[in-house]
Amino acid sequence: MPGIGAIGARCRHRPRRRPKKGEESGHQPQADAGGERAMDAAIWIYQFRLIVLGDSTVGKSCLLHRFTEGRFPGPMHSDPTVGVDFFSRLVEIEPGKRIKLQLWDTAGQERFRSITRSYYRNSVGGLLVFDITNRSSFENVYNWLDEGKMHVEPFQIVFILVGHKCDLEAERQVGREEAEELASNCGMKYIETSAKDATNVEETFTILTKDIYELVKKGEISMRDGWEGVKSGFVPNVVHSSEEAASLGDHCPC
Ligand SMILES: Nc1nc2c(ncn2[C@@H]2O[C@H](COP(=O)(O)OP(=O)(O)O)[C@@H](O)[C@H]2O)c(=O)[nH]1
Ligand SMILES: [Mg+2]
């Protein structure tokens, strides 16, 4: 799939040392030249924060691992029961135009429906994930949507409905048509993915990112003080406000 700038990263949001110059903190070393990668990683026009929602075990974390690290973690991957897992990756939506995605995995909380208002409010987009082999995870999509709507106001959040584990076609319990119908009734796009064989993983994030980008370009979504959903980008030679420069220095750079 063309148009994807693949620099993945994962970070547990906890205090740690500052990254040295040219080093992306918390990132696994990539195979390509370090200097070039660091320069690439520095250029993005916007940062969008996305949240990944859905019942426990639908495959949210595996989807994020596949997208950011290009691998399927397998059954032994660790699944933290508290906190939020952060991932990040650049997506090139047009030649030379990159968007940094900051991805929040709602690790653990999904079991307790205790995802806080700030996670919703500070996200501009969301992946609403169900497992096509698990009927109840599909039926719960309405609950996730209701909760999202309840918490997000006055901000806007763009959702995409994701029918995950589509490699398990023989075990399918949710038809593609009914999922498409639900999505269209709720004003969302629908896509089926597999973290195991990588089906539509790139496409899912690219579609959502492009849709949000179009809304930002049209002015239907705009940056606001105190809102983390959309941030202006970091491009070398662009002068940042002192507030932004301070926040770049003090916070997790993922
Ligand atoms: N067959 C298949 N299994 C998957 C896929 N994605 C995740 N899984 C499995 O589903 C289980 C739950 O995955 P996980 O990512 O921890 O789910 P989460 O609780 O929603 O974060 C694990 O056993 C994964 O190996 C997929 O695309 N295909
Ligand atoms: Mg998980």
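I started with Phe130, which counts as buried at 0% relative accessibility. For my notes, buried is under 20% relative accessible area, exposed over 50% and partly exposed in between, with a 1.4 Å probe and protein chains only.

Before going on, I noted that this is a predicted model, where local features need pLDDT of at least 70, side-chain atom pairs count only at pLDDT 80 or more, and totals for chains, interfaces and linings use all residues. Residues are numbered from 1 along each chain as its sequence is written, chains are lettered from A and ligands numbered from 1 in the order in which they are written, and side-chain values use heavy atoms, with hydrogens and water left out.

**Aromatic pairs**

I looked up ring pairs next. Rings of Phe, Tyr and Trp (its six-membered ring) pair if their centres lie within 6.5 Å; planes under 30 degrees apart are stacked, over 60 edge-to-face, and the rest tilted. By this rule I get six aromatic pairs. Tyr46 and Phe48 have ring centres 6.0 Å apart and planes at 25 degrees, so they are stacked. Phe130 and Tyr190 are stacked too, at 6.1 Å centre to centre with 10 degrees between the planes. Phe130 sits in strand S5 (residues 125-131) and Tyr190 in strand S7 (residues 189-193), so this pair ties together parts 60 residues apart in sequence. Strands here are DSSP runs of E, at least two residues, and helices are runs of H or I, at least four, numbered from the N terminus. Tyr190 is buried as well, at 15% relative accessibility. I also found Tyr46, Phe48 and Tyr213 in one aromatic cluster.

**Cores**

Where does Phe48 turn up again? It is among the residues with the most contacts inside the largest nonpolar core, which has 32 residues. Such a core is a set of buried Ala, Val, Leu, Ile, Met, Phe, Trp, Tyr and Cys residues joined through side-chain atoms within 4.5 Å. Elements giving two or more residues to this core include strand S2 (44-53), S5 and helix H7 (201-218). H7 gives the most, with seven residues.

I then checked Leu50. Leaving aside neighbours within four places in sequence, Leu50 is in contact (heavy atoms within 4.5 Å) with residues including Leu101, Trp104, Leu127, Phe205 and Ile212. A second, separate core of 24 residues includes Trp104, Ile132, Phe159 and Ala179.

**Whole chain**

I logged eight helices and eight strands. Of the 254 residues, 48% count as buried. Among contacts between residues at least 6 apart in sequence, 77% join residues at least 24 apart.
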